[in-house]
Structures are given as structure tokens and as C-alpha cells.
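Please look over the sequence and the model below before reading on. The paragraphs that follow lead from the packing of side chains to their charges and to the space left between them.

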Amino acid sequence: MGKTDLLILNFKEVRRRSIKVWKAIPPQLLKWKPDEEALSCADMIRHVVEGEYLYHQMLINKGSIEPNSFHNPFEQKEFTTVEEELKFSQPYREEFLTYIKSISNDDLENGMIDRSDVGYIRTLEDMLLRIAYHESVHTGQLLGYMRTMGIERPQIWD
């Protein structure tokens, strides 16, 4: 198994576990948030799927992107249900995974992503791991939200 195969496996596992959490949130609680300044459950799910799309654009650009330099399909679509969000984001997810499959080992190790505008420049492989970590962190936050709401949390460590 090569590096890109392992990266794909990791991205799929992270998303599989995220979806278990997302689908366990009762629809009537998707707008719940712990305080006025926090993201709601729905907002956090949107943040994850939109974030993956935006990160993909950064990878293609080899660095940060200007907000108006590309079309963001997530800005024009309102979140309604987890199922609808997953269906809407699926084509972008597939494009992202296809992109990862196309990366050579040399590009993974030596390709650089310049985000010096926000304080870092990283190799492509490091950036890909950061993207998966981003989703994992937010999945953990949602589990914390669920604990605070007093609702059953799914078993993600299967």
C-alpha cells in the first residue's frame, strides 16, 4: 500500500466516523450550540465539508486562496438536513479523493503549500494530514456538544 492509499484510507475512516456522529444528532437539535458565539451543530458540519472543499482549492493553488478568486458552491446552498448536506457535498468529496490519488510520492514529500499569510508553509503530505485532523477535531467537538445536550453519543471506536 502506497502513501496515497494510506491517505485515502485515513480520509475515508475519518469521514465514516464523522458521519456516524452527524447522523446521531436529532434533526431538531441541529441548530443547537453551547453559547451564542459558538457554531451550531449544523454550522460545524457545514464548516467541515466546506472546509475540505476550500482546502482542496488551496492544494490546487499550492497555497492560500483569495476569497473571490474561485466559485464556492457552499455559499449558495443552505444547510437543511445531514442527508442533504452529504448528498450535496459528495461530488466535491469525490473530486478531492481523486486529486489525492493523482499525487506522486515526490509531490507529497517535496510539494509545498504556502500559507505564509496565516503563518506556515508545509509539505503537501503534511497539509493533507492537517486536513484530516481538522475534521477529527470538529467531530470531537460535536461529541462534546452531544454530551452537553444530554443525548446518546454513537460508538465511533468500532
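**Packing around Leu30**

Leaving out residues up to four places away in sequence, Leu30 touches Ile25, Ser40, Cys41, Ala42, Ile45, Phe79, Thr80 and Val82, where contact means heavy atoms within 4.5 Å. This is a predicted model, in which local features need pLDDT of at least 70 and side-chain atom pairs count only at pLDDT 80 or more, while totals for chains, interfaces and linings use all residues. Residues are numbered from 1 along each chain as its sequence is written, and side-chain values use heavy atoms, with hydrogens and water left out.

Leu30 also belongs to the largest nonpolar core, which has 23 residues and in which Trp22, Leu30 and Leu142 touch the most other members. A nonpolar core is here a set of buried Ala, Val, Leu, Ile, Met, Phe, Trp, Tyr and Cys residues joined through side-chain atoms within 4.5 Å; buried means under 20% relative accessible area, exposed over 50%, and partly exposed in between, with a 1.4 Å probe and protein chains only. The elements that give two or more residues to this core are H1, H2, H3 and H5, and H2 provides the largest share of this core, seven residues. Such helices (H or I, at least four residues) and strands (E, at least two) are DSSP runs, numbered from the N terminus. Apart from this core lies another, of 20 residues, with Val14, Tyr99, Leu108 and Ala132 among them. In soluble globular proteins, nonpolar side chains tend to be buried together.

How does the annotated span relate to these elements? For residues 11-142, UniProt lists "domain: DinB-like" in an unreviewed entry; its positions are given in the numbering used here, feature names are shortened, and annotations may be inferred rather than shown by experiment. In the model, the span of residues 11-142 is 61% helix and 6% strand, and its end C-alpha atoms lie 18 Å apart.

**Charged pairs**

Side chains of opposite charge can pair when their charged atoms come close. The structure holds 13 salt bridges, each defined as a side-chain nitrogen of Lys or Arg within 4 Å of a carboxyl oxygen of Asp or Glu. One of them joins the side chains of Glu83 and Lys23, at 3.0 Å from N to O. Because Glu83 lies in helix H3 (residues 82-101) and Lys23 in helix H1 (residues 3-24), this pair ties together parts that are 60 residues apart in sequence. Glu83 counts as partly exposed at 47% relative accessibility, and Lys23 counts as partly exposed at 47% relative accessibility.

Another salt bridge joins the side chains of Arg46 and Glu85, at 2.5 Å from N to O. Arg46 lies in helix H2 (residues 41-61) and Glu85 in helix H3, so the pair ties together parts that are 39 residues apart in sequence. Both Arg46 and Glu85 are buried.

Arg130 counts as partly exposed at 33% relative accessibility, and Asp126 is partly exposed with a relative accessible area of 28%.

Rolling a probe the size of a water molecule over the atoms shows where empty space is left. The count comes to one cavity of 30 Å³ or more, and the largest cavity has a volume of about 40 Å³. On a 1 Å grid over the protein atoms alone, a cavity is a set of points where a 1.4 Å probe fits but cannot get out, and lining residues have an atom within 4 Å of a point; grid points are joined across faces, edges and corners, and a volume is the space filled by probe spheres set on the points. Arg15, Val49, Glu52, Tyr53, Phe74, Ser89, Tyr92 and Arg93 line the largest cavity, and H2 and H3 each supply at least two residues of its lining.

Glu52, one of these lining residues, lies in helix H2 and counts as buried at 6% relative accessibility. Leaving aside neighbours within four places in sequence, Glu52 is in contact with Phe11, Arg15, Arg93, Phe96 and Glu135.

**Two loop residues**

Lys62 lies in the loop between H2 and H3 and counts as exposed at 55% relative accessibility. The phi of Lys62 is near 65 degrees, a positive value in a residue other than glycine. Val118 lies in the loop between strand E1 (112-115) and strand E2 (120-123), and counts as partly exposed at 48% relative accessibility.

How values were computed: 1 Å grid on protein atoms, 1.4 Å probe; cavity = no way out; pocket = protein on both sides within 12 Å on 5 of 7 lines; lining within 4 Å.
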